[in-house]
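Subject: Structure for your review

Dear colleague,

Please find below the structure I am handing over to you. A summary of what was found follows it.

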Amino acid sequence: MRTITIEGQLRSEFGKKATRAIRSEEKVPCVIYGGAETVNFSAPAKDFKTLIYTPDFQIAEVKLGAKTYKCVVKDLQFDVVTDELAHIDFMELVEDKPVSVTLPIKLVGQSVGVKAGGKLVSKLKALKVKALPKHLVESIEVNIENLELNANIRVEDVKVEGIEITNSPRIPIASVVMTRQLRQEEATAEKDAKKK
């Protein structure tokens, strides 16, 4: 599991004036909740780039003085005018407490339907899951080798030990559709069969 380290400073002042002062120093106000206590801190905006602007699931290790917190990003807020990062909520990972996160999907293998001339269409990029921190993974692998032409793999078909998937079970993750060329070939084959 990839971990990003962020070094921040505890916040002692709150309110609009204090928050504006933090942002003017190119820092982002943040909060960590879900553990024994709620912790308010700030950190340089540039430190969050590798954590925020990526499709990968990563754990943040926040260092505040002598204490270190293992967290996941729970919520982001951006400035409506400048589109700069305005605030981050982190959820502290506690060993015996399940956490809800979004994990990316990784399609594995080559589909039977694609080999037959179909086109693979990825319909869902990530799954919402609930799991204990020890069961969290970088991505959920979905095997598509048995996916046939005009067939779907749905959320209900994905089973991962220790992870509860909270998306609707009927949502398709990937499907193999017929290409225009394949449809034309089938139509010509049917016309030829009728002529005989």
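The term pLDDT denotes the predictor's confidence in each residue, on a scale from 0 to 100. This is a predicted model, and its protein chain has a mean pLDDT of 86, with 95% of residues at 70 or more. Confidence is lowest in helix H4 (residues 180-195), where the mean is 70, and highest in strand E9 (residues 126-131), where it is 92. Where pLDDT is low, the predicted coordinates should not be read in detail.

Strand E9 has two faces. Leu127, Val129 and Ala131 lie on its covered face, while Ala126, Lys128 and Lys130 lie on the uncovered one.

Strand E7 (residues 99-108) pairs with E9 in the antiparallel sense over 6 bridges, and Ser100 has Lys130 of E9 as its bridge partner. Strand E12 (residues 163-165) pairs with E9, again in the antiparallel sense, over 3 bridges; here Lys130 stands opposite Glu164.

UniProt, in an unreviewed entry, lists residues 99-179 as "domain: Large ribosomal subunit protein bL25 beta". Over these residues the chain is 5% helix and 46% strand, and the end C-alpha atoms are 41 Å apart.

Finally, how many disulfides does a search of the whole structure find? The search finds 0. The sulfur of Cys30 is too far for a bond, because the closest cysteine sulfur, in Cys71, is 9.8 Å away. Cys30 is buried, at 0% relative accessible area, and Cys71 counts as buried at 0% relative accessibility.

Yours sincerely

Conventions:
Residues numbered from 1 in each chain as written. Predicted model: local features only at pLDDT ≥ 70, side-chain atom pairs only at ≥ 80, totals over all residues. Heavy atoms only, no water. Disulfide = S-S within 2.5 Å. Buried < 20%, exposed > 50% of the residue type's maximum accessible area, 1.4 Å probe, protein only. UniProt positions renumbered as here; feature names shortened; annotations may be inferred. Helix = DSSP H or I, 4+ residues; strand = E, 2+ residues; numbered from the N terminus. Pairing = 2+ DSSP bridges.
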